Amino acid sequence: MKTINLFTQLLTASIIAFATSCAVNPVTGKKQVVLMSEAQEISIGQQSDPEISAFFGVYDDPALQKFITEKGLEMAAVSHRPKLDYHFKVVDSPVINAFAVPGGYIYFTRGIMAHFNNEAEFAGVLGHEIGHVTARHSVVQQRNQMLGQLGMIAGMVFVPELAQFAEPLSQGMQLALLSFGRDAERQSDELGVEYSSRIGYDATEMAGFFNTLERQSAKQGGSEIPEFLSTHPSPGDRNVTVAKLAQEWKTKLKLTNPTVNRDAYLKRIDGIVLGEDPRQGFVENNIFYHPVLKFEFPTPQGWNFQNTPQQVQMGPKAGDALISFSLGGTGTMEEISQKILTQFKLELVESKRETINGLPAFMMIADQKQEKGTIRVLSTLIEYGGNTYSILGVTELSKFPQYQPVFLSTARNFKALTDSDKLNRKPDVVRIQTVPQRMTLQAALQNFKMPSDRFEELAILNGMLLTDQVEKGTLIKVVGK
């Protein structure tokens, strides 16, 4: 009965919100229903920003951060919401993506920055993301998801959740992962063309960048393509539409010589990290190595794996167990263990101090009783290098005998990393080279001694085909250390 009353109250609240929360969309000038004011929207962005920055990490390149901020503020000033306090960041992710959250917070991954081949391509995508903010797409989409969830509250049932022991997706990350509909993406394309044209860029380059994204998507099987391209208007259609809009804005603004700035942009990203950065930890032959923190531990074969700045998470494809690795916090190992018991409402079964590969350790087994069964946790704390590391192995009590050996194998094989090859592993970085004479891109890559198995990857990175003729003196991207 209480659940039904709650559902009724929420539904009533949503109806009242529909009746009272109409606002004029800054882009269209039309009234729309939203469930938050602009002040609330800004507040959400302010709260989300540190969560997003912590999840990805901010890319350590002050000059690049300054560039994206300067261009972002210049473009925001000509947008439909110039008075918002905008914030722009390059985050430390290899994925090719850009995204925005409410209130004027916009993020580009280092992966997408590495794949732009001139400032105009960057400016078009920057305008697209600013467009999501100015048209309040995140706010409207969040409203749609909130209203969709109201209908599920009455029928919600309790199920055991292993996910509570994993790194939860914060509100900020949920906003960052919001997907937009076809109309919103098309509108942001239009705004991207308008805004980039208004600050003097050639917006036709944005259309060209869609080709790079489409080729990368095909190469990756569609797994690493940003939302603004992935499921919405087909790239071919968007190329044509964007190119047409760009020409219209050139005419309207009398842009006879719009800016592209190819060489300046390429020099700006010389040295940017490409792909995974082994300094943040990497897996090789089912062993996770962290060269900076100088430790290693095995990962279960065939398990899914995710590494973020806060936590390493591993789980079998069946989804019925989890291993999470993170910093345990401050205090003695007994004090940290008590915090874990309190945090997850666990009842201690047994505990003991032991030594793991010469390192002080504390191991305990504890249970979380739920209505439909019991979750069992094997918690291992290990002191090393001035830190206390926490390894949690979690599964249902009935499956604990099956997974306990796996949990113990990971925990008891944690040790100091001493292999110089792993300790000195360097990331791939983009290097800019000058083509010495007229030749094909493939010949140029051969000239710079690039491995043949990376030719197609480098062609996509350069926004070219291997058969394209490259003039003498042209700057191209290669890969170095």
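pLDDT is the predictor's confidence in each residue, from 0 to 100. This is a predicted model in which local features need pLDDT of at least 70 and side-chain atom pairs count only at pLDDT 80 or more, while totals for chains, interfaces and linings use all residues. Residues are numbered from 1 along each chain as its sequence is written, and side-chain values use heavy atoms, with hydrogens and water left out.

Q: What is the mean pLDDT of the chain, and where does pLDDT stay under 50?
A: The mean is 83, and 79% of the residues reach 70 or more. Residues 1–22 stay under 50, and the model has 19 contacts (heavy atoms within 4.5 Å) for them beyond four places in sequence. Residues 222–233 also stay under 50, with 38 such contacts. Where pLDDT is low, the predicted coordinates should not be read in detail.

Q: Why is Ile 460 called buried?
A: Buried means under 20% relative accessible area, exposed over 50%, and partly exposed in between, with a 1.4 Å probe and protein chains only. Ile 460 has 1% relative accessibility, so it counts as buried. This residue lies in helix H17 (residues 455–461); helices are DSSP runs of H or I with at least four residues, strands are runs of E with at least two, and both are numbered from the N terminus.

Q: Which residues does Ile 460 touch, not counting residues up to four places away in sequence?
A: They are His 115, Thr 212, Arg 215, Gln 216 and Lys 219. The C-alpha atom of Ile 460 is also 9.1 Å from that of Asn 211, 249 residues apart along the chain.

Q: What makes Glu 194 buried or exposed?
A: Its relative accessible area is 13%, so Glu 194 is buried. Glu 194 sits in helix H8 (residues 182–198) and touches His 80 and Trp 249, leaving out residues up to four places away in sequence.

Q: How do you know that the span of helix H5 agrees with its number of residues?
A: The expected span is 1.5 Å times one less than the number of residues. For the 16 residues of H5 (residues 119–134) that gives 22 Å, and the end C-alpha atoms are 22 Å apart, so the two agree. Of its 16 residues, 16 are buried. Just after H5, Arg 136 has a positive phi of about 60 degrees.

Q: What is meant by the largest nonpolar core, and which residues touch the most other members?
A: A nonpolar core is a set of buried Ala, Val, Leu, Ile, Met, Phe, Trp, Tyr and Cys residues joined through side-chain atoms within 4.5 Å. The largest has 69 residues, and those touching the most other members are Phe 108, Ile 112, Met 113, Phe 116, Phe 122, Leu 445 and Ile 476. H5 gives the most to this core, with 7 residues. Apart from it lies another core of 25 residues, among them Phe 288 and Ile 323.

Q: Why are S6 and S18 called paired?
A: Two strands pair if DSSP finds at least two bridges between them. S6 and S18 (residues 428–434) have 2 bridges, in the antiparallel sense.

Q: What makes S6 and S21 edge strands?
A: The open sheet of 3 strands runs S6-S18-S21, with antiparallel pairing. S6 (273–274) and S21 (475–480) each have a single partner strand, so one side of each is left without a neighbour in the sheet.
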